[in-house]
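Reader: Hi! I have a structure open and would like to talk it through with you. Could you take a look?

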Amino acid sequence: MENECSVPTACIDERQFSIVTTGKNKSRIHCADDSLAGAVSQRACVYSGARVVLNPVTDAVHLVHGPIGCAAYTWDIRGSLSSGPEMFRQSFSTDLKERDVVFGGEKKLVACIDEVVGKYHPPAIFVYATCVVGLIGDDIVAVCKEASGRHGIDVIPVESSGFLSGNKIVGYRAAGEALLKLIRPKDGETVEKTRKLNFLGEYNLGGEKWLVERYLREMGIEINVAFTGDSTVAALKRAPGACLNLVQCSGSMHWVAMNLEKEYGTPYIDVNFFGAANTAESLRRIARFYGDEEIVRRTEALIEREMERVRPVVEKYRARLAGKRAAIYVGGAFKALAIIRQLQELGMEVVFTGTQTGKQEDYEQIGAIVSEGTVVIDDANPAEIEKFLLEKDVDMMAGGVKERFLAHKLGIGFVDHNHDRKDGLAGFDGAIRFAREVYATTCSPVWERVKKNPFEEAEG
Ligand code: SF4
């Protein structure tokens, strides 16, 4: 039996409008909403959404105001690399206990801030509110304001209590608000405009920011600061001086870019450095913005040289991957779109895809580039992912850390595109690495020895 979305009723009924099949459904996908209670979403909580955005600020202290359990989502949650400070890799928590829940945790927070400042002298502290803090009503805004005055540094509240929403995108917004607060010039301060650009939604995973920086430098363009990969507090404060903002991870940074345009008059353009074609298009878009003939000439030379390296690699693996079936489940839509394009260039058919935080317009773009019959899911849960991996007879899945084991236990190849990767997938170099990884996992002989559906075998 099938419901309106052509999904067998093994799926939770309330989830039916979050799953569509291209070419079959007349209604639009239900998305950008709270997760369904009990559906065991693959998303993380609001606090973790805020944390992944802010964590790569390398010299700031990231202080989690809450029980120690929340701080588990702390150390090395991103593969963000630093060219200098390593403070961001330390874990700080107020470690709230029952007594604090009864009598309030503000005094403990004040003591923690004082201790951290005394021991580490950070230029800024981000104080993250967690569920417990929101419930007991600690006034972290007042505590941070008072601590800022006392210590003469930025102590920024991040209002990210996990229960605020069932959508981690609310955490992205909380992080965005904290960043805007940090970079806003204080009374009397001015930031001179320059010809440099800011790179928003770039987290320097495995050094990806450095790679793009190399391309831009070759074109004659400098990065002012990235939000937030390999950034420092001082560099972020120079953000209003950029002449352009690039937005890569739109889910986390589109709202910030809009506000930077409103407050500082800085225009923004969307870029996507995943995949060789996307990288080339993005570099051309940036060159066009500068409208300088020399920059355009250098950009074209760079693209020609790099595409000559990428083309034979893609052709080689395309011959081996043509006709294989792929699935994608990632956090942001910009990444899903890029991976779909890359896999199609490798001759594969994307038969199932989805995101944690995609918006209606993102899903329209996805629907426009996948073939008819592709299953598209918003905010999936493990049962749905397993079901469609089997139903669509997938050969290879690209996703994050939580999807890896779902694919592997079903005997399906997997490419890790998660934010804790230690080697980057961006740019032309990343396109080559991605093609190699897709081939290696899809065509690995190990899958011939693993049953695709262990349940069927157990049932005889
Ligand atoms: S308790 Fe709340 S803030 Fe902490 S990890 Fe869980 S959902 Fe997130």
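Reader: How many of the residues count as buried?
Author: Of the 460 residues of the protein chain, 51% count as buried. Buried requires 20 or more other C-beta atoms within 10 Å of a residue's own, exposed is 12 or fewer, and partly exposed is in between, with C-beta atoms placed from the backbone. Keep in mind that this is a predicted model, where local features need pLDDT of at least 70, side-chain atom pairs count only at pLDDT 80 or more, and totals for chains, interfaces and linings use all residues. Numbering starts from 1 along each chain as its sequence is written.

Reader: Thanks! How many helices and strands are there?
Author: The protein chain has 17 helices and 14 strands. These are DSSP runs numbered from the N terminus: H or I over at least four residues for helices, E over at least two for strands. The radius of gyration is 23 Å, close to the 23 Å from the globule rule for 460 residues, so the chain is as compact as a globular protein of that length. That radius is taken over C-alpha atoms, and the rule is 2.2 Å times the number of residues to the power 0.38.

Reader: Nice. Switching to the sheet with β6: what is the strand order?
Author: The order is β7-β6-β8-β9, four strands in an open sheet with parallel pairing. Strands count as paired if DSSP finds at least two bridges between them. β7 (223–228) and β9 (268–270) are at the edges with a single partner strand each, so one side of each has no neighbour in the sheet. On average, neighbouring strands are turned by 20° against each other, direction ignored.

Reader: And how many bridges join β6 to β7?
Author: Five, and the two strands run parallel. The chain goes from β6 through α7 to β7, a right-handed β-α-β crossover. Right-handed means that, with the strands pointing away from the viewer, the path from the first strand over the helix to the second runs clockwise.

Reader: Where does α7 lie, then?
Author: Helix α7 (residues 208–219) lies across β6 (197–202) and β7, at about 150° to β6. Angles run from 0 to 180 degrees between N-to-C directions, with axes fitted to C-alpha atoms, for helices over the stretch in contact. Contact means C-beta atoms, placed from the backbone, within 7 Å.

Reader: Is β6 itself enclosed or open?
Author: Six of the six residues of β6 are buried, so this strand is largely enclosed by the rest of the structure. Four bridges join β6 to β8, also in parallel, and L197 has L244 as its bridge partner in β8.

Reader: What about β8 and β9, how many bridges there?
Author: Three bridges join β8 (residues 244–247) to β9, running parallel. V247 has D270 as its partner in β9.

Reader: Changing topic: which residues of α10 are buried?
Author: They are A276, N278, T279, A280, S282, L283, I286 and A287. Their cover includes α7, β8, α11 (293–321), α12 (333–345) and α16 (427–442). After α10 comes G291, with a positive phi near 55°.

Reader: Last one: where is T58, and why does it count as buried?
Author: T58 is in the loop between α1 (46–54) and β2 (61–65). T58 counts as buried because it has 23 C-beta neighbours inside 10 Å. Leaving out residues up to four places away in sequence, T58 touches several residues, including S82, F88 and D230.

Technical notes. Contact = placed C-beta atoms within 7 Å.
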